[in-house]
Amino acid sequence: MTDRERARWSRGRTALAAFVAVTALAAGGVWLGQASDRASAVDAAPKTSAVQDVKDAGTSSGGLPGVRDCGRGKPVTKPHVITLTCEDAEMVATAITWKYYGAREALGVGVVQVEKSDAGAGADAGFPATFRLRDPERVGGELAFTGLEVTYEGSTPLGDTTEMYTLA
């Protein structure tokens, strides 16, 4: 191999390495750019129309207050889903994980799913939030939380950082 052929071969390898590096960086940039979208949209959480079929019975109460979804049925302890707007079910608290669940209050985290008509966007949206159940009372002979405070961790569906809901 002559010096000229080696130089051409070296330039070709350098060009190929540069192409691979630029492609890898571009792919990584796209992936990282979508990370905030994945975190804010929380695509893995169920959307509001699908949520209605996955509500589970929760756990046994053990004397703790539960939640009556839209004021109906038996109170469910540690629910994973709570409907926030009962008239149209367009805002639903989903994927709730309870950090503390006591006799006077409960604290959890999850996602508020909003259908596109309320989200003001072209698609359904999810908003990470903290949930605080409060004000337990006897309702229909059962102990149930009657208040829910939702605090958003970033952007919000209606512009407020904290929203209060009456449960009964």
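Predicted model: local features only at pLDDT ≥ 70, side-chain atom pairs only at ≥ 80, totals over all residues.
Colleague: How many disulfides does the structure hold?

Modeller: The structure holds 1 disulfide. C70 lies in the loop between α2 (48-51) and β1, while C86 lies in the loop between β1 and β2, so the pair ties together parts that are 16 residues apart in sequence.

Colleague: Left-handed or right-handed?

Modeller: The disulfide is left-handed, because the torsion about the S-S bond of C70 and C86 is about -100 degrees.

Colleague: And C86, is that buried, partly exposed or exposed?

Modeller: C86 counts as partly exposed, because its relative accessibility is 38%, which falls between the 20% limit for buried and the 50% limit for exposed.

Colleague: Let's step back to the fold. What does the secondary structure come to?

Modeller: The protein chain has 3 helices and 6 strands, and read along the sequence they follow the pattern α-α-β-β-β-α-β-β-β.

Colleague: In what order do the strands sit in the sheet?

Modeller: The 6 strands form an open sheet in the order β1-β2-β3-β4-β5-β6, and the pairing is antiparallel. The edges are taken by β1 (82-83) and β6 (162-166), each of which has a single partner strand, so one side of each is left without a neighbour in the sheet.

Colleague: How many bridges join β4 to β5?

Modeller: Strand β4 (residues 125-139) and strand β5 (residues 142-152) run antiparallel and are joined by 10 bridges. To give you a position to look at on that pair, T130 stands opposite T151 in β5.

Colleague: What about the inside, which residues have the most contacts in the largest nonpolar core?

Modeller: That core has 22 residues, and those with the most contacts inside it are I82, V112, F131, L133 and L148. The elements giving two or more residues to this core are β2 (91-101), β3 (106-114), β4 and β5.

Colleague: How much of the chain is buried overall?

Modeller: Buried residues make up 33% of the 168 residues in the protein chain. The accessible surface of the chain comes to about 9,900 Å², and 56% of that belongs to carbon and sulfur atoms.

Colleague: Switching to charges, how many salt bridges are there?

Modeller: The structure holds 4 salt bridges. In one of them the side chains of K74 and E142 meet at 3.4 Å, N to O; K74 lies in the loop between α2 and β1 and E142 in strand β5, so this pair ties together parts that are 68 residues apart in sequence.

Colleague: How exposed are K74 and E142?

Modeller: K74 is exposed, with a relative accessible area of 62%, whereas E142 counts as partly exposed at 30% relative accessibility.

Colleague: Which residue does E149 form a salt bridge with?

Modeller: E149 forms a salt bridge with R132, and the closest N and O atoms are 3.2 Å apart. The pair links distant parts of the chain, with E149 in strand β5 and R132 in strand β4, 17 residues apart. E105, R132 and E149 are also linked in a network of salt bridges, and R132 itself counts as partly exposed at 30% relative accessibility.

Colleague: And what does D135 meet?

Modeller: The side chain of D135 meets that of R134 in a salt bridge, at 2.5 Å from N to O, and D135 is partly exposed, with a relative accessible area of 35%.

Terms used: Residues numbered from 1 in each chain as written. Heavy atoms only, no water. Pairing = 2+ DSSP bridges. Helix = DSSP H or I, 4+ residues; strand = E, 2+ residues; numbered from the N terminus. Core = buried A, V, L, I, M, F, W, Y, C linked by side-chain atoms within 4.5 Å. Buried < 20%, exposed > 50% of the residue type's maximum accessible area, 1.4 Å probe, protein only. Areas by Shrake-Rupley, 256 points an atom, 1.4 Å probe, with all protein chains shown as cover. Disulfide = S-S within 2.5 Å.
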